[in-house]
Structures are given as C-alpha cells and as structure tokens.
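Let us take a friendly walk through a protein model. Keep the sequence and the 3D view side by side as you read.

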Amino acid sequence: MGESRGSIAFFACYRPPVPLDIFCCPAPASSRAEERHLTDGVSYNYNCQPIPSAALKTIVKHLDLAPEDVEEAAIDSGRLTGLVFVSERQHHLETLHIGLRFDDGDEVRVFTLGDIYGGDFFSGARLEDSGCIAGGYEVDGHTADHYLVFVSTKEPVQERRSPWNVVYKTNLRTGETERLTPPGTSDLSPSVSPSGKRVAVASFQGKKWDGEVKDLLTSIYVMDLESTYLERERVIENAGWPSWGSETVLFFHKKVGDNWGVFRYDLSTGETLRVTPEAIDAVTPAAIDESRVAVATIRQKSVFTDVRVEAQYRHIEVFDMGLPEEPLQITRCTKPKGDHYNPFVMDGGKYIGYHRCKSDHLEHGDDVPRRFDKLQSHHEDIGLFRVAGAFPAFSKDGSKLAFVDNEFKAVWLADSDGMRVVFETDGPDGVFSPVWNQKKDILYVCMGPSFKANEILEIYAIPHVSTGARERRLLTKGKFNNAFPSTNSDGTKLVFRSTRNGGHKKYKNLYMMDAEIGEDGGEAERITEGDWIDTHCQWSPDRDWIVFSSNRDKPADAPERDHGMDPGYFAVYLMNAIDRSVVRVIRSGYDFSGHVNHPVFSPDGRSIVVTADLAAVSADPMSLPLLLHSQRPYGDIFTVDIDPDDMEKNQ
C-alpha cells in the first residue's frame, strides 16, 4: 500500500468507536440545554485544560492571525479564550493542540504545537498528554514566563518494560523545551499549583512497572517549576492523578479495597482525608479549591452483560468537604446514560468541563462509523492503519482487509469495491479473528464465546467471501476451544490452536488440518505437546515456518492468575512445520508483565510484528474508557527482523 515493507493494521483496546469530544456545564447543571460544546468537533478530542488569559496572550503572539482577532482586550474580556487538549487530527496521533474560542460567533480555531513553536520537538511519531499551564508568578519585581507542562513519549527508552512517559515544560515565550522528569524514570498526570510555581506528578520513580494495567501504584512527587529534578520530593505513596486545591493541598485518587476513592492531602500537616464515599468508585479529581473537587464517579458496578442503569455510568460530580453527603450533579441532567471522563475546572468552578463520546449524533447503533486511520509511523517503510473494529486481517496481496465489528457480530470487508458486511451472526455466539487463505478467496473465522477457554469455540470457513455469498463451513469437530487459524503458502493446510488434550486446566497446543474440508478430511494432527499455552499462530507467506506465542517457558512456581488475569510469560517462537523444530525469537518478561503476543509475518517473511508490553503503559488506566469485557491490553506494536533462510539464527 505504498510502503516498501508493507502495512500493519491494528485495533486499539480502549478507544471508543464513536469520537470523544469536550464539553462543559454550569455547576450544578439543571438541563441538557446547558451543556456547551467547546471544540470545533473535528476528530477525537479529550483531556482538556483552560489556558489562563496571561498565558494566552503569549501564545497568540506566535500565531499568524489578524491583529483584530487577538487583541488583548478580547482576551481580558473573555471574548477570546484558550484551551489545551489532546486531539487525533494530526496524522491520527494523540498530540496536544491549542484551541482558540471566539465567543462572538462560537468560532473555534485549533493549532498544533508545531504550528506555534516549530517541529524541532513537536514532530514525529509520539504521544502527548496532560497539558497544563505553569509560571506567570511575580519574582524579583517581574513576571516569570509562562510554561506548558505536559507528558510526551518523544524520547525512546532503552530498557524493556519501562514507560516512555516523560514530563516536560515548554517556555511559551521562547519555545524552548526542558525535561522535568529525572533520567531513568517516568511520570504521568502533571498538575500545576494555583500560583504556577509548583508541579505535582504521578511517578514510577524508585520502582519498576510490574505489568499492572489498572492500579499502577505510582507515587506523587512535588517539585518547584524552576528547580532541578534532583530536588523533587515524594509526598504520597501508591496514588495517582494529583490535583492542587491550594499551594498546600493536593487531591488524588487511590484504590482501597475493591473501590477507588478521591482523597485530600495537606502538605503542611501530612493529614490525609477521604473525600468520596467508600461505597462508590471515584477517580480523576479536578480541584476547585481547598475543600471542593470535581470527580468522575461510578455509583454502581456493572458487568459486560448488564443493560446499564444511570448509576452504572461514569458521571461528573462536585464534592464539598463541608457537605460530603450532598455532591453537585454535573452530568446526570445533561446525559444520564452516558460516560463522562476527566473533569476540569473553568471560571473558578462556575463551569466544569469533561469529555464524552458524541453518541448523541447517531440515530441508532448501526450508524457507528467504520473507517481506517493512517497513522504516522516510526518507520517510513511501514504503513500503519488503525481499524474501527477488531481483529483486522490483510489478504496476502494486500488488496483486501477483513475485520469484525466491536460487538463481534459481523465480519466486514474493505477492498476496491468499498466496505461491506460479508458475514454476520444474530445468535448468542460471537465471531472474531478472521484470517485469509493465502491462495483462495476463503476467509476463516472463530465462532463462540470470546476469551473463555472453558467454552466451545469452532473454526469456520467462509468460501467465496468477496462475492458476499455468506456461506459457512464448519471445519473443527469435538467440541473444544479452537482458534487463530492460518494457512500455509499454497492454501492447503491450516494450523490452529486448541484445548483438545489440554486436560482440566485447558492447556492449548497447535494442531494442523485440511484448509478446505477441515476435520472431515481426518482428525487434526497435533504438532506441539506440553502443559502450557501455545496460541496466536501464523504461517509464513513463503516457507514452512509457523510463528506463534507461548508461555512454555513459564517458571514452575508461577501463579495461575495474577490481578485476576493471566500471569504473562508469553514469548514468541518459530517452528519448522516439516521437522517440528522450535526456536524462541523474542523473550518474555519472567513475571506478570510478560506479554509478547499476536505475532504476524511481514509480506516478505523477513520481519515479525507483535503486540507487546515492552513499553509498559502510557496513561493512567483509570482515566481511560475502560471496556468491561476486555482482556488485558497487550501494549504497543513492535517489529523484529529475522533471518528468513536459517531458522536457527533467529534463536
């Protein structure tokens, strides 16, 4: 598709299929009509903070705008206001943008940081997040410069399973950017004190990421904006998402028992008080002052099969330490059956902002957009496409792309004739993990309950799939959990993983069968054997090699489960399908964080692409639109080059 080494299609675990956008309401709100849309509505927009007027005056001096559009009087009067937020409009990357709101006509103009300060730092494939404004205080008779404090993954990290997140400050007058995070560590969720002098972060300093994907157990550190990172101080352990209520008060969230709560910490006395009730989940605080804080709450837990009621949605509320039993409801009146995220404070607490999905723009569920986003890649010779669905699969020649919808009920096909459904199911079983026959117009899918090893999962062939015939043929027999099929280069044999012979612990091994008639042509042949999990198998496009993921090197004393999920230890292996020899290509982490999964060959067979947790996490998971039914996310996308001629050299 234009890139010399081919293209990678993928889907993202926590990204809603309907765009996120930024809104605000008065505190409290009384009707839906009071909700105000704050951006231009282009792309996904989230994680917003207002820009103080003095800082905005500095920013607009760098923009090529008509003088009458950016008069200081307009900023002083509030007719021109500014926001800093994450948007995916540039190369479909998650990067910070500046929005200017012209209240006389509700016009919004949006600029990238590269537009304002050039591309020396604000360019390339990266993530940016958590922008907030610091500085602007009086010192020695003059006003200090303003800074944008933010998170970026601009600098690569060499150590495996270390987060790439670093907090920086950019001088809004000069455009110079400096690092605030010490070397060898990573920070999340920066917050600036009301004076603009101090910065608090949630940090991994002094500890390693252990594979946890919900409760990160970061610690909160505080530093002066102008000090070196050697002078910062740890003030709260095992906490996240700091927010300043005053120069001496921090709010933060923390998990205690089964629920998340928001707490208040007094730096002058060391006293910690719980702000939100123990019986509910409350996260991502945004302090208004020393005693009031906006939070996102979930008052009643839910599971994936629930038809949620109002209390099971994530709503924004304001808690007052003086009236703890009477929180102000911000979003229940505007969109009672909708999730709202990451509140921020406007006009001293008169308005509370947040982001949510723009699902109210859909007439019904079938209007969810199906599209592909081409992302800027770290490598110019590799294309990168994000699919608004799940389990994308290219045909061997790259002319077709199949994927399933987010409900696992329909298989979609995109080719030169457009995008259309080629197979669907209306029963209780889901359909997922489509893959193409390497020679014929046949698509293979798995049908049954997803992510449940104890349930029956079958493999079907959909012949003549491009014609839309919607036929299907059952290939597996025996009522086992069978998944992740892949054919050899001439399209005659199919490798897959199965729990057959796996005993009561449902171990999984690899098997082989006929690619067109399946087990009607005889019982599947077992090609790996062991008390472990071999899975995510794929055949090479041009030789008898099979790549797969396995936890076969897991230590004997490893836990069966950890944090309620699988305990990791997955590495990537190559098998010679002729002599069944196996070599390990990518090592796992020998702890809970070891996930290297879903290996796929490049079209030329010289590289393997994987999803892996080698870069740890990039955001506080409790700030994300969590999918209740999702398995642990595997992290990011990596490639490894291999020797295509001598398998032993890939050990």
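Predicted model: local features only at pLDDT ≥ 70, side-chain atom pairs only at ≥ 80, totals over all residues.

Look next at how strand 26 is held to strand 27 (residues 351-357): the two run antiparallel and 5 bridges join them. To find one of these places on screen, pick M346, whose bridge partner in strand 27 is Y351.

Stay with strand 2 for a moment, and follow the chain onward from there. The loop between strand 2 (20-26) and strand 3 (36-37) contains P28. What is the form of the peptide bond from A27 to P28? The bond is cis, with omega near 0°.

Strand 40 (residues 509-514) and strand 41 run antiparallel and are joined by 2 bridges. Within this pairing, Y511 stands opposite R526 in strand 41.

Now turn to a helix. Is helix 1 (residues 53-60) largely enclosed or left open? Since 6 of its 8 residues are buried, helix 1 is largely enclosed by the rest of the structure. The buried residues of helix 1 are A55, L56, K57, T58, I59 and V60.

Most residues other than glycine have a negative phi. W241, however, has a positive phi of about 55° although it is not a glycine. W241 sits in strand 18 (residues 240-246), and with a relative accessibility of 14% it counts as buried, because the cut-off for buried is under 20%. A616 is another such case: its phi is positive, about 60°, and it is not a glycine. You will find A616 in the loop between strand 47 (607-612) and strand 48 (636-641). A616 is buried as well, with a relative accessible area of 7%.

Let us go on to two loop residues whose side chains reach backbone atoms. S227 is in the loop between strand 16 (219-224) and strand 17 (233-236). At 19% relative accessibility, S227 counts as buried. Which backbone atom does the side chain of S227 reach? The side chain of S227 comes to 2.8 Å from the backbone oxygen of D224.

E247 is found in the loop between strand 18 and strand 19. With a relative accessible area of 29%, E247 is partly exposed. Leaving aside residues up to four places away in sequence, E247 touches S193, P194, S195 and R198. For a sense of distance, compare E247 with I527: they are 280 residues apart in sequence, and their C-alpha atoms are 64 Å apart in space.

Our last stop is the space inside. How many cavities of 30 Å³ or more does the structure hold? There are 4 of them. The largest cavity contains about 90 Å³ of space. It is lined by 15 residues, and those closest to its centre are L216, T218, A239, G240 and D620. Strand 14 (187-192) and strand 19 (249-256) each supply at least two residues of this lining, and strand 19 gives the most, with 3 residues. By type, the lining of the largest cavity divides into 6 nonpolar, 5 polar and 4 charged residues.

The second largest cavity holds about 80 Å³ of space. Its lining is made up of A12, R15, P16, P17, Y44, R386, V387, A388, G389 and N406. These residues divide into 6 nonpolar, 2 polar and 2 charged.

How values were computed: Residues numbered from 1 in each chain as written. Heavy atoms only, no water. 1 Å grid on protein atoms, 1.4 Å probe; cavity = no way out; pocket = protein on both sides within 12 Å on 5 of 7 lines; lining within 4 Å. Points joined across faces, edges and corners; volume = space filled by probe spheres on them. Helix = DSSP H or I, 4+ residues; strand = E, 2+ residues; numbered from the N terminus. Nonpolar A, V, L, I, M, F, W, Y, C, P; charged D, E, K, R; others polar. Buried < 20%, exposed > 50% of the residue type's maximum accessible area, 1.4 Å probe, protein only. Pairing = 2+ DSSP bridges. Polar contact = N/O pair within 3.5 Å; in protein donor to acceptor, adjacent residues only side chain to side chain. Contact = heavy atoms within 4.5 Å.
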